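Hi everyone, thanks for coming.

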Amino acid sequence: QAKTQGQNHYQFFSEKLQHEVEVRLHREQMVRRAVAEDRLWLAFQPQVCARTGKTMSFEALLRWPKGWGTPLSPSEFVPVLEDTGLIEQVGFQVLMQAAVFAKELERVTGAAYRMAVNVSMRQLYGSGLYEQVAQVLAATNLAPDRLELELTESATMVDLETTVKTLTSLRQLGITIAIDDFGTGYSSLNYLRRLPVDALKIDRSFVTEIGNNRETEAILHSLLSLARALRLKVIAEGVENARQEKFLRKAGCDLLQGYRICRPAPTGTILDWLEQQKDSSEEHS
Ligand code: C2E
Ligand code: MG
Ligand code: MG
Ligand code: MG
């Protein structure tokens with residue numbers, strides 16, 4: 001009897017495991033196909049000045065092919081790109097397309113917006129990033145200070161010495177660096193002092209708590225004064241309502257990004273959105 005039960009148990013786990021393996025394999029196949037057929041695309045989300053509301057910059061965000069069933073989020077497929085090494089190639093395309101769109105925005109609007117591009121851990125510690133950035137700047141003629149790389153706090157912490165070297169050389173190209181999802185990676189203040197970066201992006205989990213949690217609000221205040229002391233620009237991500245917006249503006253946050261301002265959208269929608277913003281600011285002035 002005990003033996004039979006044991007066997008059932010074993011069978012149950014192995015079926016579950018097998019199912020998980022199949023799901024993962026299927027996902028990997030889909031991701032490989034999306035890359036091979038060049039079907040991944042970029043959405044863009046504006047970042048606005050907290051004081052004036054003026055659009056200053058955009059973040060490029062990868063999107064799953066339209067019409068391919070239930071869309072996978074980048075948090076689901078970017079890890080697959082990392083594991084398979086495809087991120088090298090896709091990361092380069094993302095940099096290039098984001099820079100090309102930044103130039104198009106410049107041509108259409110006459111304003112030089114900054115473009116922020118996410119860089120994953122494998123890209124940061126791989127050997128190709130510097131060359132890729134240099135190549136993109138040369139090919140598009142984008143002013144280097146209009147390009148910002150976003151690296152997560154946890155990625156930069158894997159190997160501080162290598163990170164410092166890589167970021168120092170990238171910054172010599174004239175581009176800027178932001179630490180993404182800041183506040184979630186347990187980095188020490190001393191560590192932050194050593195990182196050659198220009199901006200911090202406060203993680204959405206803090207922004208969500210504004211209005212509900214006094215401790216988080218206190219952390220945000222001290223984070224913003226720390227950033228001021230280190231002369232770092234601060235961007236808040238995931239701003240969804242007026243209360244959060246007001247708090248962040250009063251606390252001295254520099255840039256706001258989130259559904260409250262605009263959802264990530266394809267290039268055409270972004271151009272329309274900018275046009276609308278222009279109209280409404282003219283009405284008000
Ligand atoms: P992230 O860089 O922290 O990007 C912010 C995420 O918050 C995005 O999720 C964005 O769509 C979402 N977001 C923006 N405003 C709001 C809001 O008001 N409320 C809520 N609930 N969410 C908001 P997304 O697009 O699903 O991307 C998830 C993550 O995938 C990104 O986090 C980034 O780490 C990664 N990722 C996206 N695109 C790329 C890429 O081109 N390369 C690499 N390496 N990673 C990417
Ligand atoms: Mg980001
Ligand atoms: Mg983020
Ligand atoms: Mg995030």
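Before the contacts, one term: by a polar contact I mean a pair of N or O atoms within 3.5 Å. Please also keep in mind that this is a predicted model.

Let's begin with ligand 1. A backbone N or O atom of Tyr259 sits 2.7 Å from one of the ligand's oxygen atoms. Side chains take part too: an N or O atom of Glu59 is 3.1 Å from an oxygen of ligand 1, and one of Arg204 is 3.1 Å from a nitrogen of ligand 1. On its own, ligand 1 has 800 Å² of accessible area, and the protein covers 85% of that.

Where does ligand 1 sit? The space it takes is the largest pocket. Strand 2 gives the most, with four residues. In total, 24 residues surround ligand 1, and they divide into nine nonpolar, seven polar and eight charged.

Now to the metals. Which residues coordinate the magnesium ion that is ligand 2? They are Glu59, Asn118, Glu150 and Asp180, at 2.0 to 2.2 Å. Along the chain, these donors follow the spacing E-x58-N-x31-E-x29-D. Asn118 belongs to strand 3 and Glu150 to strand 4 (residues 147–152), so this pair ties together parts that are 32 residues apart in sequence.

Note on methods
Residues are numbered from 1 along each chain as its sequence is written. Chains are lettered from A and ligands numbered from 1 in the order in which they are written. This is a predicted model: local features need pLDDT of at least 70, side-chain atom pairs count only at pLDDT 80 or more; totals for chains, interfaces and linings use all residues. Side-chain values use heavy atoms; hydrogens and water are left out. A residue is near a molecule or strand if one of its heavy atoms lies within 4 Å of it. A polar contact is a pair of N or O atoms within 3.5 Å; within protein, one must be able to donate a hydrogen and the other to accept it, and residues adjacent in sequence count only if both atoms are side-chain atoms. Accessible areas come from the Shrake-Rupley method with a 1.4 Å probe; for residues, only the protein chains shown count as cover. On a 1 Å grid over the protein atoms alone, a cavity is a set of points where a 1.4 Å probe fits but cannot get out, and a pocket is an open set with protein on both sides within 12 Å along at least five of seven lines; lining residues have an atom within 4 Å of a point. A molecule sits in a cavity or pocket if more than half of its atoms lie within 2 Å of its grid points. Helices (H or I, at least four residues) and strands (E, at least two) are DSSP runs, numbered from the N terminus. Ala, Val, Leu, Ile, Met, Phe, Trp, Tyr, Cys and Pro count as nonpolar, Asp, Glu, Lys and Arg as charged, and the others, Gly among them, as polar. Donors are N, O and S atoms within 2.8 Å of the metal (3.2 Å for Na, K and Ca); water is not among the atoms, so sites may look incomplete.
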